[in-house]
Amino acid sequence: MTAEPLERAPDRHKHLSQPAPFPDPRHPVLRTARDSDLPELRRLDEEVFQEVAYPAFLLRQLFDMYAEHFLVLDDGEGRLCGYVLAATTALSHDSWILGLCVTEDSRRHGLGRELMVEVLARLRQSGVEQVRLTVEPANRAAILLYGSLGFRPEQPDRGLRRDYFGPGEDRRVMRLGLSRSL
């Protein structure tokens, strides 16, 4: 199933009684990633995730495999200020959020939520029934965001998985059933 490219700038959460006739130049455009975005995606991933950023070859392959669920925030001046990437499985109705990031200077404006809401809508439309993600246990802002979207710890111990990514790399695993609405 191919999703239509999403080209929009107005914040979907703004009051709809007076829609803006033109995109807000301060609000980035949420759209599907393009092949030409790969160098900028690499820069963004390294800026936000630093030592745990995806290697360039893997980012390329993830783009090739999951382009339909690879969304970016484009500032309109050639720079990306955020992305979300969801991976789906071929034989089941499960998905994983493999990455969500927003640049430091663009945080606290609802952009991470906007990315997540859109990718969850696309996953639901694709027939995905369950979405999982991992989050660093100290990343309180991300945990609160995911919780506000309905994600819950996968295990009774608040989803904490010790050494999930290797020694000392604990993660919280959270899950969302898509049968309920956002």
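Are Tyr146 and Phe151 buried or exposed? Select the two residues: both are buried, where buried means under 20% relative accessible area, exposed over 50%, and partly exposed in between, computed with a 1.4 Å probe on protein chains only.

Before going on, note that this is a predicted model, in which local features need pLDDT of at least 70, side-chain atom pairs count only at pLDDT 80 or more, and totals for chains, interfaces and linings use all residues. Residues are numbered from 1 along each chain as its sequence is written, and side-chain values use heavy atoms, with hydrogens and water left out.

**The whole chain**

Show the protein chain as a cartoon. There are four helices and eight strands; these are DSSP runs, helices being H or I of at least four residues and strands E of at least two, numbered from the N terminus. Read from the N terminus, the order of elements is β-α-α-β-β-β-α-β-α-β-β-β. Of the 182 residues in the protein chain, 45% are buried.

**Aromatic pairs**

Next, select the rings. The whole structure has four aromatic pairs. Rings of Phe, Tyr and Trp (its six-membered ring) pair if their centres lie within 6.5 Å; planes under 30 degrees apart count as stacked, over 60 as edge-to-face and the rest as tilted.

Go to Phe70 and Tyr83. Their ring centres are 5.4 Å apart and the planes meet at 50°, so this pair is tilted. Phe70 belongs to strand β2 (residues 70-74) and Tyr83 to strand β3 (residues 80-88), so the pair ties together parts that are 13 residues apart in sequence. Phe70 and Tyr83 are buried. Return now to Tyr146 and Phe151: this aromatic pair is edge-to-face, with 5.9 Å from centre to centre and 65° between the planes.

Leu111 is buried, at 5% relative accessible area.

**The largest pocket**

Which residues are the closest to the centre of the largest pocket? Select Phe49, Leu100, Asn139, Ala142 and Tyr146, the closest of the 36 residues in the lining. The largest pocket holds about 1,200 Å³ of space. On a 1 Å grid over the protein atoms alone, a pocket is an open set of points where a 1.4 Å probe fits, with protein on both sides within 12 Å along at least five of seven lines, and lining residues have an atom within 4 Å of a point. Points are joined across faces, edges and corners, and a volume is the space filled by probe spheres set on them.

Two or more lining residues come from each of α1 (38-49), β4, α3, β5 and α4. Strand β4 gives the largest share, seven residues. Coloured by class, the lining shows 20 nonpolar, eight polar and eight charged residues; Ala, Val, Leu, Ile, Met, Phe, Trp, Tyr, Cys and Pro count as nonpolar, Asp, Glu, Lys and Arg as charged, and the others, Gly among them, as polar.

**Salt bridges**

Finally, select the charged side chains. There are 14 salt bridges, each a side-chain nitrogen of Lys or Arg within 4 Å of a carboxyl oxygen of Asp or Glu.

- Glu40 and Arg43: the closest N and O atoms are 2.5 Å apart. Glu40 is buried, at 15% relative accessibility.
- Asp64 and Arg60: the N to O distance is 2.9 Å. Both lie in helix α2 (residues 56-66), four residues apart.
- Arg107 and Glu104: the closest N and O atoms are 2.8 Å apart. To end the tour, select Glu40, Arg43, Glu47 and Arg79, which salt bridges with shared partners join into one network.
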